[in-house]
Amino acid sequence: MTFTSPVLSYTLLSPMLILLGGALIGVLVEAFVSRAKRPIVQLTLALGVLSLALLQVWNIRGEQSLTPAMGSIIIDGPAVLLQGSILIISIIAILLIADTEHFTALPAALPGSEEERKAIAMGAQVTEVYPLTLFAVAGMLMFPVAGDLITLFVALEMLSLPLYLMAGLSRRRRLASQESALKYFLLGSFSSAFFLFGAAYLYGYSGSVNFAGIQESVIGGSGNDVLLLIGLAFLSIGLLFKVGAVPFHSWAPDVYQGAPTPVTAFMAAATKVAAFGAMLRIYYTVFANAEWSWSSVLTGIAAITMLLGSLVAVTQRDVKRMLAYSSIAHAGFLLLGVIALNKSGLDATIFYLLAYGIATVGAFAVVTLVRDSSGEVTDLNRWKGLGKRSPFAASTFAFFLLAFAGIPLTSGFIGKFSIFSAAYESGATGLVLVAILSSALAAFFYIRVIVLMFFSEATEDGTSVEIPSILTRTAIVASAAITLILGVYPTPLLDFISDLAIFIR
Amino acid sequence: MDASNYLYISALLFTIGAVGVVVRRNAIVVFMCIELMLNAANLSFVTFSRINGNLDGQVMAFFTMVVAACEVVVGLAIIVAIYRSRRSASVDDASLLKR
């Protein structure tokens with residue numbers, strides 16, 4: 001028997017390989033570098049690795065290949081754009097994660113125990129969070145470029161497992177943080193079991209785990225449609241869970257609230273890009289010819305996701321929960337781009353993902369600044385009058401909220417406008433009306449928060465705004481600048497996206 | 001023997017697992033039910049592999065086992081941490097995060 005060795009094109013795979021290598025070196029750093037030097041070494045390593053991967057993504061733009069790894073990875077224009085977006089978001093998010101004030105000193109110690117007090121007194125820091133982040137980013141890079149069901153499943157787990165752990169690392173309110181980790185883990189693995197079962201039926205339907213093979217069966221239409229429907233439905237449940245679409249959204253508010261805020265920022269922004277990236281590839285290529293089977297269901301899900309997200313956000317009293325419901329509403333808007341199933345829908349979704357991700361990281365970065373003696377203050381009532389105490393924090397937060405609401409001169413406006421017009425072009429007029437209605441609803445609660453910050457009397461309750469560290473300040477200013485630039489002068493990026501964003505099959 | 005019987009068994013196991021996740025209250029038992037669902041999917045993969053006459057499904061089953069093992073490591077770490085701080089692994093007791 002002869003063994004043929006696989007042919008890999010390392011250049012095209014390099015962004016993922018660089019990240020995995022960096023993550024492994026990070027694990028070694030944990031073992032061999034002294035405690036005092038670890039934070040700076042890990043931060044430098046993580047930033048270096050992410051920037052190198054971004055550079056590599058830039059170098060391979062314009063490349064197209066179905067077989068960089070024997071068919072299990074597909075590199076094309078959308079892949080490069082999505083990987084780039086994920087890396088840009090991760091670089092900004094890692095600047096927030098570097099503020100170790102948010103993370104517990106010793107995850108293994110009981111909350112409130114003597115052991116924990118000693119660890120805090122010693123100045124211990126959880127530097128494991130950097131390698132965990134890098135592993136998660138590697139999974140996210142692999143998720144939208146997967147070319148078969150095996151890679152897709154492994155990438156899904158690779159991005160999820162580190163995030164489950166990171167959700168439980170908060171320094172304050174540790175019980176709530178551990179609870180959010182438990183909920184995220186149980187619901188997340190529940191949904192990946194559905195995902196896997198769906199994958200099994202798609203394999204049964206087509207006799208191939210490769211996307212190209214499945215697509216061939218879908219076009220040929222010779223297989224058993226029952227298997228296709230079961231497989232597609234269960235696979236979609238797994239994907240819709242990751243993006244937080246109704247009715248698979250119940251984890252989002254709890255996890256967003258309980259997880260340490262930098263982790264929430266990273267998870268909310270980057271996971272969404274990765275999961276929507278995979279959805280785009282799957283619905284735009286593999287199941288494009290079976291549109292009859294998923295289009296109407298996704299339309300319904302998009303409509304209730306937008307409406308429920310916007311309606312429930314109005315009633316929230318906690319900033320992080322409010323942002324969680326707002327992210328649910330945005331998942332609904334993004335689904336419009338998937339349903340549109342045309343070139344402009346693809347371009348618009350990719351632009352929206354980047355714009356929304358950056359604004360999300362920025363908004364959560366501001367949330368980390370508002371604190372009292374026991375940690376972050378996320379109760380909206382205590383944000384009253386923030387504009388007088390800290391014009392910087394309040395005005396940047398207001399700016400990000402306006403971007404979420406889609407006010408002109410922010411990236412959110414361009415994103416919403418292009419995604420709505422793409423959906424309208426594809427004939428989903430009713431859905432666009434629902435989207436506009438929910439945008440109006442959503443704008444109501446964003447503006448309510450702005451009014452609260454600037455036009456309410458401040459209450460004397462010990463809330464103070466931290467002077468941001470240089471890293472956090474960089475993250476906020478960078479996100480605000482990108483949000484503004486994409487709002488004022490989006491043409492170069494839109495052209496770049498529309499030149500590149502073509503799926504190869 | 002007809003291979004489709006294995007598909008029925010697999011669907012039954014998956015349903016038992018899914019119902020278990022919804023009705024059981026102990027985090028460990030919920031987790032075991034999720035593992036049951038993963039194994040049900042594995043059984044489907046292997047059965048389809050037999051029906052289709054190629055090995056892709058069996059390869060996938062091996063990958064699933066590895067991933068399930070990783071999931072056990074992460075899941076038990078989280079459940080043990082919760083149990084140590086609360087002295088309970090019930091998913092109902094963990095309810096700090098509600099409005």
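The model is predicted, so local features need pLDDT of at least 70 and side-chain atom pairs count only at pLDDT 80 or more, while totals for chains, interfaces and linings use all residues. Residues are numbered from 1 along each chain as its sequence is written, and chains are lettered from A, with ligands numbered from 1, in the order in which they are written.

Residues 28–48 of chain B are 100% helix and 0% strand, with end C-alpha atoms 30 Å apart. Residues 60–83 of chain B are also 100% helix and 0% strand, and there the end C-alpha atoms lie 34 Å apart. Helices (H or I, at least four residues) and strands (E, at least two) are DSSP runs, numbered from the N terminus.

The two chains meet through 35 residues from chain A and 36 residues from chain B, where contact means C-beta atoms, placed from the backbone, within 7 Å. On the chain A side, α6 (149–167), α7 (174–206) and α10 (251–258) each supply at least two residues. The largest share, 18 residues, comes from α7(A). By type, this side of chain A divides into 23 nonpolar, 9 polar and 3 charged residues; Ala, Val, Leu, Ile, Met, Phe, Trp, Tyr, Cys and Pro count as nonpolar, Asp, Glu, Lys and Arg as charged, and the others, Gly among them, as polar.

The largest nonpolar core has 222 residues; a core is a set of buried Ala, Val, Leu, Ile, Met, Phe, Trp, Tyr and Cys residues joined through C-beta atoms within 7 Å. Among the members that touch the most others are A:Leu19, A:Ala138 and A:Phe197. The largest share of this core, 18 residues, comes from α11(A).

Helix α12 (residues 291–314) of chain A has 24 residues and should span 34 Å at 1.5 Å a residue, which agrees with its end C-alpha atoms being 34 Å apart; the expected span is 1.5 Å times one less than the number of residues. Buried residues of α12(A) include A:Trp294, A:Leu298 and A:Met306. A residue is buried if 20 or more other C-beta atoms, placed from the backbone, lie within 10 Å of its own, exposed if 12 or fewer, and partly exposed in between.
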